[in-house]
Amino acid sequence: MALRRAFCYAERVTGLNPQAKQMADESMVRNLAAQAEAIWPQEVDLIRRYPLPVDARILDAGCGTGEGASRLAELFPRARVLGVDVLDKSLEIARSRYASLGRRLSFEHQSIYELEAADGTFDLTVCRHVLHSIPHPDRVVAELARITRAGGYLHLIPEDYGMLHFQGGALDPSNFWHVVPATFGAATDTDLFIGRDIFGILSALNLERITMDYIIVDTIRVPRETFATILEAWRDGYVESIGELTPVSREQATAYFNQMIANIRNPTGYAVWMVPVASARVGARSKKRAN
Ligand SMILES: C[S@@+](CC[C@H](N)C(=O)[O-])C[C@H]1O[C@@H](n2cnc3c(N)ncnc32)[C@H](O)[C@@H]1O
């Protein structure tokens, strides 16, 4: 039964973007905005670590609505930033929102499995909130290494759905996070725990100076409303497919999300999402391997 449901679901989505429906939903636009608002203030110091030329070439792979690409272009005023995605609707939003950044920031329809850039084109290659949502993330990371120059850096946010913690109430949210990501990932051929698996992928590519850091999105560091907006957007975008693909029904998923949102909004409540950030330097040896 679960297999048949997964097959029906797979028929409706693009093979290499199984969350295409959710990514194109209005809830994702507000989700990406809230995620950037929550994460960027801590992420920016991690990005400043990379020794980049002033006129750096930067790629944002799977750029969505341009939240990351636009911040990178603002952070590095002489850099040229390219954002690529396969969702034209998101690319249109990005182009219209950030036209003021002119020719330094552009957006193109390209698949991150097969980028158009020549080997070694970019000084910094960024891929935020994408690798958990696609099959064969190792192939994509190899492609990102291919288009990054020797001495350049990869900066990745590989989400991990075992790294969210909420307080118990009428429901125990631990049960939700224990069951849903594993079954949803199996049904969509994606790794929703890639935050802990990315180190092995980077190591297998012989990348250098691999680091793992964590951005802490919690009810102390991030405004409660911003954090709550992320959970509301997940609820609005995902309960239907959770009901189809996992043992948790749409109604149960809604109840879990509503309780977690109330936990975040409760002025004395505490909740935390630990967001992994992986980075690595592309060396001459890893270049040979990626080619
Ligand atoms: C959760 S969004 C993240 C957007 C953006 N990186 C950010 O941080 O706001 C994931 C994005 O990956 C894109 N994506 C999925 N598969 C892709 C592929 N094969 N090539 C390019 N983009 C892809 C989706 O269309 C979506 O816009």
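Start with the largest pocket, which holds about 720 Å³ of space. A pocket here is an open set of points on a 1 Å grid over the protein atoms alone, where a 1.4 Å probe fits, with protein on both sides within 12 Å along at least five of seven lines. The volume is the space filled by probe spheres set on the points. This is a predicted model, with local features needing pLDDT of at least 70, side-chain atom pairs pLDDT 80 or more, and totals for linings using all residues. Numbering runs from 1 along each chain as its sequence is written, and side-chain values use heavy atoms, without hydrogens or water.

Next, colour helix H3 (26–47), strand S2 (80–85) and helix H9 (224–245), which are among the elements giving two or more residues to the lining.

Now show the ligand. Its space is the largest pocket (more than half of its atoms lie within 2 Å of the grid points). Around the ligand are 19 residues (a heavy atom within 4 Å), the closest including Gly62 and His129.

Another pair, ligand oxygen to side-chain N or O of arginine 128, spans 2.6 Å. The protein covers 98% of the ligand's own 600 Å² of accessible area (Shrake-Rupley, 1.4 Å probe).

Methods:
A polar contact is a pair of N or O atoms within 3.5 Å; within protein, one must be able to donate a hydrogen and the other to accept it, and residues adjacent in sequence count only if both atoms are side-chain atoms. On a 1 Å grid over the protein atoms alone, a cavity is a set of points where a 1.4 Å probe fits but cannot get out, and a pocket is an open set with protein on both sides within 12 Å along at least five of seven lines; lining residues have an atom within 4 Å of a point. Helices (H or I, at least four residues) and strands (E, at least two) are DSSP runs, numbered from the N terminus.
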